[in-house]
Amino acid sequence: MSKTIYILNGPNLNLLGKRQPEIYGHDTLDDVETTCATVGKDVALSVKLMQSNHEGEIVEMIHDARENAAGIIINPAAYTHTSVAILDALHTFDGPVLEVHISNVHKREAFRHHSYVSQRADGVIAGFGVEGYALAMRRMGTLLA
Ligand code: DQA
């Protein structure tokens with residue numbers, strides 16, 4: 001049976017495709033899930049994509065991953081820059097954690113330059129558009145091979 005990767009997404013990413021498309025593009029989160037599932041077939045990984053606008057729910061998803069996922073790909077969105085709770089939850093997870101940002105956060109406002117999650121992430125991808133999720137899946141394939 002293939003290992004499962006959780007792809008966790010933070011606030012406002014439910015509006016991906018509609019929200020500031022000049023920054024985040026036109027693809028939706030459903031498109032991201034389809035692409036990641038396709039890449040997953042290549043690298044023998046299954047995917048479960050989830051999104052929440054609530055910090056505590058993301059913490060619960062990470063707790064769930066402790067039992068049910070081999071790795072986590074996470075775009076914590078705005079919580080990247082604020083959430084010690086999400087960082088602490090990720091520290092309870094033993095498998096690989098890859099952080100994805102659709103936009104190049106380093107080219108944007110100064111408050112987006114710091115990430116709490118990066119202190120736990122095994123790798124960070126930023127500025128590759130939604131392709132970053134597919135790249136993270138490939139990397140997961142390598143890390144979990
Ligand atoms: C984001 C970047 C964050 O700064 C922002 O709050 C988001 C999305 C990205 O994917 O580029 O919501 O994580």
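**View 1. Ala44, in the loop between α2 (29-43) and β2 (45-51).** Helices (H or I, at least four residues) and strands (E, at least two) are DSSP runs, numbered from the N terminus. Ala44 isn't a glycine, yet its phi is positive, near 60°. This is a predicted model, with residues numbered from 1 along each chain as its sequence is written, and local features need pLDDT of at least 70. Side-chain atom pairs count only at pLDDT 80 or more, while totals for chains, interfaces and linings use all residues, and side-chain values use heavy atoms, with hydrogens and water left out.

**View 2. Ala77, in the loop between β3 (71-75) and α4 (84-91).** Here is another non-glycine residue with a positive phi, about 55° for Ala77. Ala77 also belongs to the set of residues around the ligand (a heavy atom within 4 Å of it).

**View 3. The shell around the ligand.** Besides Ala77, the residues here include Arg19, Tyr24, His101, Ile102, Ser103, Val105 and Arg112. By type, the shell splits into five nonpolar, four polar and two charged; Ala, Val, Leu, Ile, Met, Phe, Trp, Tyr, Cys and Pro count as nonpolar, Asp, Glu, Lys and Arg as charged, and the others, Gly among them, as polar.

View 4. For His81, a polar side-chain atom is 2.7 Å from an oxygen of the ligand, and a polar backbone atom of Ala78 is 3.2 Å from one. The protein covers 98% of the 320 Å² of accessible area (Shrake-Rupley, 1.4 Å probe) that the ligand has on its own.

**View 5. The largest pocket, the space taken by the ligand.** A pocket is an open set of points on a 1 Å grid over the protein atoms alone, where a 1.4 Å probe fits, with protein on both sides within 12 Å along at least five of seven lines; lining residues have an atom within 4 Å of a point. Of the 15 lining residues, Tyr24, Asn75, Ala77, Ala78 and Arg108 are the closest to the centre.

Definitions and conventions:
Polar contact = N/O pair within 3.5 Å; in protein donor to acceptor, adjacent residues only side chain to side chain. Sits in = over half its atoms within 2 Å of the grid points.
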